[in-house]
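Work through the two exercises below with the structure open beside you. Try each task before reading its solution.

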Amino acid sequence: MLKVDDIHTYYDDSYILQGVTLKVNVGEIVCLLGRNGAGKSTTLKSIMGYNHPRKGKVYFLDKNISRQSVYKNVRMGLGYVPEDRRIFSELSVQENLEVSFSSAVETQWTIDELFKTFPLMEKLRHRKGGGLSGGEQQMVVIARTLACQPKMILLDEPCEGLAPVIVEQLSEIICRLKEHFPILLAEQNANFALEVSDRGYVIDKGVIRFSGTKEELQQNDEIKKRYLSV
Amino acid sequence: MIVLKIKYHTLILTGILVTLLFLSPLVIPVYWVILLSEILIMGLMAVSFNLLLGYAGLLSFGQGAFFGLGAYTAALMLQAGYENLFLIFLAGILVAMLAALIVGFFSVRLDEIFFAMITLAFGMMFFSIAHNWRDVTGGSDGLPVFNLPNLQLFGLDLTFYSPISMYYLIFTTVLIALFLLWLVVHSPFGLILKATRENKQRVSFVGGNVRKLRIVAFTISGAFTGLAGVLFCLFNNMATPEFMHWSFSTKPIIMAIIGGTGSFFGPLFGAGIFFVLEQIIIRYTENWMFFLGIILVPVVLFFPQGVFGTLQNRFFKQRSK
């Protein structure tokens, strides 16, 4: 479904991704593990078109999207949940969701269906986004991404800064999402990521150091020690 | 429930305001009717401008160009003998809209000061054309309008030579224009525009084409500003290059800031405050802009949501408690 083929990405003169290759198949949750600054978010941003790779290609649904703009990728079905829970803080929860319906994305979702899927959000309907807790904001961003009718989702560090009890709820949501579409999950928290994933990649200094199944990753102590600080 | 209450109260307040504006020529002196006409025209310009600043977060310093284009279109058509008022309105709107589409196409890819500077540059280009192309625009003397066309409506033949009848033409046109702008800002387009003001990157994450959204907003704003220009030409019997000067473009900015950029009616109230203050201060001194500056500083410092925006928030906060 998603194929990243040897991408090289820069931030100005800084050489960040130095040949990243990975793929995500239908029905899978694949995690991208690594320490802070390893290149996880940059990989996701390069896939999304936010920061185009200078070399290499990204294929989504067999189409080369390496140079395509972010909004076109979203309209193609690539959902993106950015790090830091990027919600519209001045808009209410309902408006945050309605923005997705206003952006010309073809969707089968309705506002009420979204509130049914995330019942915790119902009572926050008219609250401003900026007044929500971190976990609530994360839920709104995931719901907003769902409203764009994605065929696949990229999740960037969804657990960062959240309380353990919220992380648990979130892992349930992610597992539920898997029934509908594949997920590429960038995460620093290896325990959480491996719990929900089928396969994983380990990235360090912009290079993929290891790839394997969930079990292979869980049993490889050297990788855990060297690259994941678990 | 709170949302319904706000809508209910907004509706009542709007109804009261419209009734007052409709009846005011019957009770206030003609001089103030003329002033009220000017407030309504500039209020329309400020509300149109605020579609950019208040909703899209774009500070344009070139709105005067579209106002001037509307005014010149009307003046040229009237001088050429066109007598259909609807046609003159339509032409003024279309010319301003087309110009806004072109200027917007080149400007909206930039943000903040860069956007402000490029709109200022375009505005001054239009000013230079109006100022120097004497054969067509009359140069610095401007284009005078001697005959105002009649309007045949529902079997009535309306003329606009008296300040009262001109007021009602302006009142009706501004009312319709504000209603249309209100529909725009309360549509899904208005919502996503507000989202672009907060963060354009996040809008692209939900599939929004930010550039296209901004171009559409800029074009709509330009079209309504052009309509305000047509009205001003009819009201003032004149189109002058000063309309296109950057200093004229600062007027809607000041009005929007005084009234409040965060509320739809804020800039309209800002226009009212601006002109009433001018009338009061000018009785004592010619340097009224100096005192406007003195007033503007505390407004920006202590009323970041503008006078109307602050009052509105206070009122609704108390209501929702």
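The exercises cover a helix pair and a sheet.

This is a predicted model, in which local features need pLDDT of at least 70 and side-chain atom pairs pLDDT 80 or more, while totals for chains, interfaces and linings use all residues. Residues are numbered from 1 along each chain as its sequence is written, and chains are lettered from A and ligands numbered from 1 in the order in which they are written.

**Exercise 1.** Describe how α4(B) passes α10(B).

Step 1. Find helix α4 (residues 85-107) and helix α10 (residues 210-236) of chain B; helices are DSSP runs of H or I with at least four residues, and strands are runs of E with at least two.

Step 2. Their axes come within 7 Å and cross at roughly 145°. Axes are lines fitted to C-alpha atoms, for helices over the stretch in contact, and angles run from 0 to 180 degrees between N-to-C directions.

Step 3. The crossing is right-handed, meaning that the near helix is turned clockwise from the far one by less than a right angle.

**Exercise 2.** Give the strand order of the open sheet in chain A and explain why β6 and β10 stand at the edges.

Step 1. The six strands run in the order β6-β7-β8-β3-β9-β10, with mixed pairing; two strands pair if DSSP finds at least two bridges between them.

Step 2. β6 (78-81) and β10 (207-213) of chain A each have a single partner strand, so one side of each is left without a neighbour in the sheet.

Step 3. From one strand to the next, the twist averages 15°.

Step 4. β9 (residues 199-204) of chain A runs antiparallel to β10(A), joined by six bridges. Gly200(A) stands opposite Gly212(A).
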